[in-house]
Amino acid sequence: MESVRRNAEALVEKMMKGNDASHDAAHVWRVRDLALSLAEEEGLSSDPHSMQIVELAALLHDIADYKYLRDPSEEKIVENFLDQEGVEEDKKLKILKIIRKMGFKEEVTGNGSNDWFPEFGVVQDADRLDAIGAIGIARCFTFGGSKKRLLHDPAILPRSDLSKEQYMNKEEQTTINHFHEKLLKLKDMMKTKAGKRRAERRHKFMEEFVKEFYDELNGLN
């Protein structure tokens, strides 16, 4: 497993080198650490098989992210990597399922998967924890800046009842609207008890930030 881990880390460094700081290797290391910590809290640490699935899925989860895809062939990179490393078939299938189904776009309509398994829950929750709180706020504005989005425009309202396709098309959106369309919803979408507990503090901080943002915008502070 040690060599597979090192090779996965090297792949992350290579594939995410040109990304902005909202989705760079540092994001992946944080998600990996959070996922392993959540897994321990959820009682998975006694099973090395489960912990390997969690670590590899967390490490590889943002390779070939649709937001940064340069070539359709990149979608096969993770699967090819797992094959080359000789990862067992059952483990490989779980890792790929986590990566393919954990994104917010898969649950944006509110119809989340009910057949999730413990490793899925901790990796998805870890990724969502890194999207909220102080780090989440920093990442949100970093990504918005990289896309040259406006901070706010009163004429552009947050979208509701989004389809997957609408969510993925954000060309006309502002950065602050992303809080309403996604980030403020994540606390209630956590799957594990450990994830729900950790999300509370981060969510509260984010709510306070959004209130302060609008108060300053409206000249109240």
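A: On a 1 Å grid over the protein atoms alone, a pocket is an open set of points where a 1.4 Å probe fits, with protein on both sides within 12 Å along at least five of seven lines; its lining residues have an atom within 4 Å of a point. The model is predicted, so local features need pLDDT of at least 70 and side-chain atom pairs count only at pLDDT 80 or more, whereas totals for chains, interfaces and linings use all residues. Residues are numbered from 1 along each chain as its sequence is written, and side-chain values use heavy atoms, without hydrogens and water.

The lining of the largest pocket comprises 38 residues. Those nearest the centre of the pocket are Asp 62, Asp 65, Tyr 66, Lys 67 and Lys 105. Sorted by class (Ala, Val, Leu, Ile, Met, Phe, Trp, Tyr, Cys and Pro nonpolar; Asp, Glu, Lys and Arg charged; the others, Gly among them, polar), the lining holds 15 nonpolar, 9 polar and 14 charged residues.

Several helices (DSSP runs of H or I, at least four residues, numbered from the N terminus) take part in this lining. At least two residues each come from α4 (77-84), α5 (89-101), α6 (118-129), α7 (133-146) and α9 (175-181). The most is given by α7, with 5 residues.

Two of these lining helices, α5 and α6, also pack together, at an angle of about 40° and with their axes 10 Å apart. Axes are lines fitted to C-alpha atoms over the stretch in contact, and angles run from 0 to 180 degrees between N-to-C directions.

From α3, Ser 50, Ile 53, Val 54, Ala 57 and Ala 58 meet Glu 119, Val 122 and Val 123 of α6. The contact of α3 with α6 divides into 6 nonpolar, 1 polar and 1 charged residue.

Helix α3 in turn packs with α2 (residues 25-41), at an angle of about 155° and with axes 8 Å apart, which makes α2 roughly antiparallel to α3. Val 28, Trp 29, Val 31, Arg 32, Ala 35, Leu 36 and Ala 39 of α2 make this contact with Met 51, Val 54, Glu 55, Ala 58 and Leu 59 of α3. The contact of α2 with α3 has 10 nonpolar and 2 charged residues, with no polar ones.

Note on methods
Contact means heavy atoms within 4.5 Å. Angles under 35 degrees count as roughly parallel, over 145 as roughly antiparallel, 65 to 115 as roughly perpendicular and the rest as oblique.
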